[in-house]
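Colleague: I would like to learn how to read this model step by step. Could we take one feature at a time, with the general idea placed beside the case at hand?

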Amino acid sequence: MPDPFTFPQWGVFDGRWLVYARSSLARAAPHGGGGSELFAWDAESGAAPRQVLGTADFLFRPPLRDGKLAVTRILGEDRNELTLHDLAAGTVRTVATGPVGGVGFHGADLLWVDRATGRLNAVGPDGKAGSAPQPSPGPGTAVDVTTDGRTTAWVSRDERTLTVWRPDWAAPVRVFRVTPPPAPAAATSLPPGTRPPTVDPFHTVATPTAVGDLVIFQYHLGWYVADLRTGSYVRLTADHAHAVVSGQALLVDPDNNTDPARQHAYSLLRPDRLPPLPPCP
């Protein structure tokens with residue numbers, strides 16, 4: 001870090017370019033507004049990191065492929081701006097503005113989902129519209145969409161279903177579904193002054209990421225992985241741990257908060273080298 005008042009938040013690496021965000025909470029105004037700054041470092045040249053984006057709100061871990069960085073900047077409620085940065089050339093162009101989500105690469109093509117229409121869009125390196133694989137989630141049906149170009153996954157509006165689709169599949173497939181909670185007891189059966197039970201807000205699906213034949217997602221307080229080869233899924237981490245996908249690698253942080261001191265024992269996995277999960281009985 002260039003000064004003692006900043007700290008890194010996350011990073012992505014494509015084999016040459018390292019892109020990372022840093023916080024500026026402790027810096028003096030105007031740099032201490034609490035936002036994040038985006039930087040890129042070229043491992044090939046070894047030159048000093050350069051700033052890609054000033055203090056702004058942008059979505060977590062933007063896709064990075066072959067020196068092309070797709071940044072989704074938050075402009076307002078359900079209104080984002082998608083920009084494509086060519087890190088080697090030092091250029092940037094706006095790809096789309098509006099309810100943009102589900103950004104990813106399919107080869108050299110950049111894909112994104114229009115949340116208003118539910119359509120999966122594509123643009124080639126020449127800036128011309130491409131032909132994105134369909135179908136897409138549909139308008140107003142998903143709250144979180146991800147794609148790696150081959151696999152598209154989305155979370156339903158009620159945050160209880162994870163659905164996956166690939167171009168060579170006949171139809172989308174539901175890979176994970178949270179069982180609805182039991183109906184609350186009738187008010188007449190509760191003691192006087194007792195509030196009816198509410199749905200546990202933690203029993204929801206969130207943050208899916210497609211990587212190869214696996215889809216990593218968050219459920220309850222931990223992280224899970226669904227294997228598209230066998231239709232099985234398994235829990236990756238304990239409660240409050242973290243799982244981060246960067247390219248074809250998966251970094252698992254157990255986030256051990258036990259006393260007397262916090263300890264971290266990171267695990268780095270290559271999902272493409274893992275054997276398939278056993279099929280469900």
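Colleague: Which residues does L162 touch, not counting residues up to four places away in sequence?

Modeller: Contact here means heavy atoms within 4.5 Å, and by that reading L162 touches A153, W154, V155, V173, R174, V175, F176, V205, P208, V215 and F217. Before going on, please keep in mind that this is a predicted model, in which local features need pLDDT of at least 70 and side-chain atom pairs count only at pLDDT 80 or more, while totals for chains, interfaces and linings use all residues. Residues are numbered from 1 along each chain as its sequence is written, and side-chain values use heavy atoms, with hydrogens and water left out.

Colleague: What does the protein come to in secondary structure, and how many of its residues are there?

Modeller: Helices (H or I, at least four residues) and strands (E, at least two) are DSSP runs numbered from the N terminus, and the protein comes to 0 helices and 22 strands. It has 281 residues, of which 40% are buried, where buried means under 20% relative accessible area, exposed over 50%, and partly exposed in between, with a 1.4 Å probe and protein chains only.

Colleague: Which residues touch the most other members of the largest nonpolar core?

Modeller: A nonpolar core is a set of buried Ala, Val, Leu, Ile, Met, Phe, Trp, Tyr and Cys residues joined through side-chain atoms within 4.5 Å. The largest has 14 residues, and those touching the most other members are L162, V175, F176, V205, F217 and Y219. Two or more residues come from each of strand 13 (152–156), strand 14, strand 15, strand 17 and strand 18 (222–227), and strand 17 gives the most, with 3 residues. Another core lies apart from this one and has 13 residues, among them W10, V19, L53 and V71.

Colleague: How should I read the pairing of strands, and which strands pair with strand 7?

Modeller: Strands of a sheet pair through backbone hydrogen bonds, either parallel or antiparallel. Two strands are taken to pair if DSSP finds at least two bridges between them. Strand 6 (residues 68–76) pairs with strand 7 in the antiparallel sense over 8 bridges, and I74 stands opposite N80 in strand 7. On the other pairing, 7 bridges join strand 7 to strand 8 (residues 91–98), again antiparallel, with T91 in strand 8 as the bridge partner of D86.

Colleague: Where in these hairpins does a residue take a positive phi?

Modeller: The hairpin of strand 6 and strand 7 has 2 residues between the strands, and there D78 takes a positive phi near 55°. In the hairpin of strand 7 and strand 8, with 4 residues between the strands, G90 takes a positive phi near 75°.

Colleague: Why is strand 7 largely enclosed by the rest of the structure?

Modeller: Strand 7 (residues 79–86) is largely enclosed because 6 of its 8 residues are buried.

Colleague: In what order do the strands of the open sheet stand, and which are at its edges?

Modeller: The open sheet has 3 strands in the order 9-10-11, with antiparallel pairing. Strand 9 (100–106) and strand 11 (119–123) stand at the edges with a single partner strand each, so one side of each is left without a neighbour in the sheet. Strand 10 (residues 109–114) pairs with strand 11 over 5 antiparallel bridges, and the bridge partner of D114 in strand 11 is R119.

Colleague: How many salt bridges are there, and which residue forms one with R73?

Modeller: Side chains of opposite charge can pair when their charged atoms come close. A salt bridge is a side-chain nitrogen of Lys or Arg within 4 Å of a carboxyl oxygen of Asp or Glu, and by this rule the count comes to 8. R73 forms one with E81, the closest N and O atoms being 3.0 Å apart; R73 is partly exposed at 28% relative accessibility, whereas E81 is buried at 16%.
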